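Here is my note on the model you sent over. Have the structure open beside it, and take the points in any order you like.

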Amino acid sequence: MVKSSVVNAVAPNGILERDARPRPADEAAARVWDVAATVLDPEVPVLTIEDLGVLRSAAVVEGRAHVTITPTYSGCPAMETIRDDIRLALESAGYGEPVVELVLSPAWTTDWMSEEGKRKLEEYGIAAPHGHAAASGHRASGLGPIRTTGSVRQPGPIRLALSVKCPQCGSLNTRELSRFGSTSCKALYSCSECQEPFDYFKVH
Ligand SMILES: [Zn+2]
């Protein structure tokens with residue numbers, strides 16, 4: 001396996017805010033970020049919370065480390081574990097009484113997952129989210145919001161009709177078995193080529 005060098009490019013302030021990994025430019029804050037960024041997602045332990053885009057900010061305020069995280073979905077049971085793991089990691093790095101804050105808005109989107117994270121997810125055998133969340137797609141199109149006629153009922157988030165690629169054989173000939181896989185972040189799929197079931201990390 002080729003070991004890719006991770007480029008932690010810091011985007012200029014404000015640009016691509018929703019897509020870029022918001023590693024702080026400030027040196028002390030970046031050290032806190034780097035410690036928190038080592039924490040793994042308990043559900044997919046090959047992904048760090050930085051890969052997932054769950055880690056949102058890091059700072060040092062009056063000598064104490066402050067970290068904010070945004071859950072992948074509200075009520076995600078992994079968040080308490082993640083919060084404890086960040087505290088532990090910071091304490092072992094010498095930060096006394098670190099503060100880990102849950103920020104719910106703006107809501108997490110699969111757009112925040114890094115390309116590195118998506119690659120690791122596929123290697124782990126989970127199909128990575130493809131495409132962009134509906135909201136940012138509309139923004140990017142420049143056509144303004146798409147109006148639907150009153151007859152179309154949309155009870156929940158808009159589902160994108162995208163083919164999901166089998167992480168085992170790469171076939172696009174797959175079908176959804178269940179909206180919910182091993183966790184509610186994922187859907188259970190089955191591949192019609194290799195017959196293997198797999199989890200798909202849903203776009204939202
Ligand atoms: Zn397959």
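1. E62 counts as exposed, because it has 5 C-beta neighbours inside 10 Å. For this label, C-beta atoms are placed from the backbone, and a residue is buried if 20 or more other C-beta atoms lie within 10 Å of its own, exposed if 12 or fewer, and partly exposed in between. E62 sits in the loop between β1 and β2, and its phi is near 50 degrees, a positive value in a residue other than glycine.

2. A word on what you are looking at. This is a predicted model, in which local features need pLDDT of at least 70 and side-chain atom pairs count only at pLDDT 80 or more, while totals for chains, interfaces and linings use all residues. Residues are numbered from 1 along each chain as its sequence is written.

3. Please keep the confidence in mind as you read. The chain averages a pLDDT (the predictor's confidence in each residue, from 0 to 100) of 77, and 71% of the residues score at least 70.

4. Now the overall layout. The chain has 5 helices and 7 strands; helices (H or I, at least four residues) and strands (E, at least two) are DSSP runs, numbered from the N terminus. Their order from the N terminus is α-α-β-β-α-β-α-β-α-β-β-β. Of the 204 residues, 30% count as buried. Among contacts with a separation of 6 or more, 57% are between residues 24 or more positions apart.

5. Which strands make up the open sheet? The order is β1-β2-β3, with mixed pairing; two strands pair if DSSP finds at least two bridges between them. β1 (55-61) and β3 (99-102) are the edge strands, each pairing on one side only. From one strand to the next, the twist averages 20 degrees. β2 (residues 64-69) runs parallel to β3 over 4 bridges, and H66 has V99 in β3 as its bridge partner.

6. Two helices deserve a look against this sheet. Helix α1 (residues 27-36) packs on the sheet, touching β1 and β2, and its direction makes about 135 degrees with that of β1. Helix α3 (residues 78-92) lies across β2 and β3, at about 155 degrees to β3. Axes here are lines fitted to C-alpha atoms, for helices over the stretch in contact, and angles run from 0 to 180 degrees between N-to-C directions.

7. In α1, the buried residues are V32, W33, V35 and A36. They fall within an arc of 165 degrees seen down the helix axis, so they line one face of α1; the arc is that of the directions from the helix axis to the C-beta atoms. These buried residues pack against β1, β2 and α3.

8. Which residues of α3 are buried? They are M79, I82, I86 and L90. Their arc is only 65 degrees around the axis, which puts them on the same side of α3. An α-helix has 3.6 residues a turn, so residues three or four places apart point the same way. What covers the buried residues of α3 includes α1, α2 (49-52), β2 and β3. On the other side of α3, E80, L88 and S92 are exposed. G94, with a positive phi near 100 degrees, follows the helix.

9. Between β3 and α4 (115-124), the loop holds D111. D111 counts as partly exposed because it has 17 C-beta neighbours inside 10 Å. Its C-alpha atom is 8.3 Å from that of G53, 58 residues away along the chain.

10. Finally, please check Q195, in the loop between β6 (186-191) and β7 (197-201). Its phi is near 70 degrees, a positive value in a residue other than glycine. Q195 counts as exposed because it has 10 C-beta neighbours inside 10 Å.

Key:
Contact = placed C-beta atoms within 7 Å.
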